[in-house]
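Reader: Hi! I'm new to this one, could you walk me through it?
Author: Happy to, here it is.

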Amino acid sequence: MQSLCRQIIMTEKDFLVHKLEHRDIKPTSTRLLILHEMMRGDETVSLPELERLLPTIDKSTISRTLTVFLLHRLVHAVDDGSGALKYAVCDDSCDCTVEDEHTHFYCTECHRTFCLTHIHVPVVALPPGFTLESVNYVLKGLCPACSERREAACR
């Protein structure tokens with residue numbers, strides 16, 4: 001049983017190392033820890049959340065790591081209107097171009113933001129002379145868990 005647990009842990013570490021190396025990022029222990037926390041759920045994560053989740057890593061190191069991740073297109077940033085940028089890990093096939101942009105959903109109840117990668121951002125025809133560099137498409141409402149809690153409270 002113990003060797004199976006080690007094998008699972010090693011497999012996860014190998015996966016994280018691959019994610020970093022695929023984007024030409026040196027897999028340091030700090031970067032692996034930060035990436036691990038960023039991939040813990042299906043929602044985005046902010047700098048303050050990472051600071052809370054990783055109290056042994058100082059704020060400037062986390063911030064610099066996020067900058068490296070952004071520059072190498074390992075993560076994308078989401079401005080969901082909450083006042084803090086949120087970050088999500090990209091798929092290996094994503095190049096963070098306008099064509100890769102997808103919809104995000106901000107829950108007004110729990111304040112989590114989710115990537116809806118299967119819903120692409122609508123194409124908008126711009127007037128001559130305008131060049132599109134990025135798109136931020138955020139839908140707001142209740143996530144499934146908050147919707148369920150609200151429905152249960154109404155019964």
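Reader: Thanks! Which order do the strands have in the sheet with S1 in it?
Author: That open sheet of three strands runs in the order S1-S3-S2, with antiparallel pairing. Strands here are DSSP runs of E with at least two residues, helices are runs of H or I with at least four residues, and both are numbered from the N terminus. Two strands pair if DSSP finds at least two bridges between them. One source note: this is a predicted model, where local features need pLDDT of at least 70 and side-chain atom pairs count only at pLDDT 80 or more, while totals for chains, interfaces and linings use all residues. Also, residues are numbered from 1 along each chain as its sequence is written, and side-chain values use heavy atoms, leaving out hydrogens and water.

Reader: Which strands are at the edges?
Author: Strand S1 (45-46) and strand S2 (75-78), each pairing on one side only.

Reader: How many bridges join S2 to S3?
Author: Four, and S2 and strand S3 (residues 86-89) run antiparallel. For instance, His76 has Ala88 in S3 as its bridge partner.

Reader: What about the sheet with S5 in it, what's its pairing?
Author: Mixed, in an open sheet of three strands ordered S5-S4-S6. Strand S5 (113-120) and strand S6 (138-141) stand at its edges with a single partner strand each, so one side of each has no neighbour in the sheet.

Reader: And in which sense do S4 and S6 pair?
Author: Strand S4 (residues 102-107) pairs with S6 in the parallel sense, over four bridges. Phe105 has Leu139 in S6 as its bridge partner.
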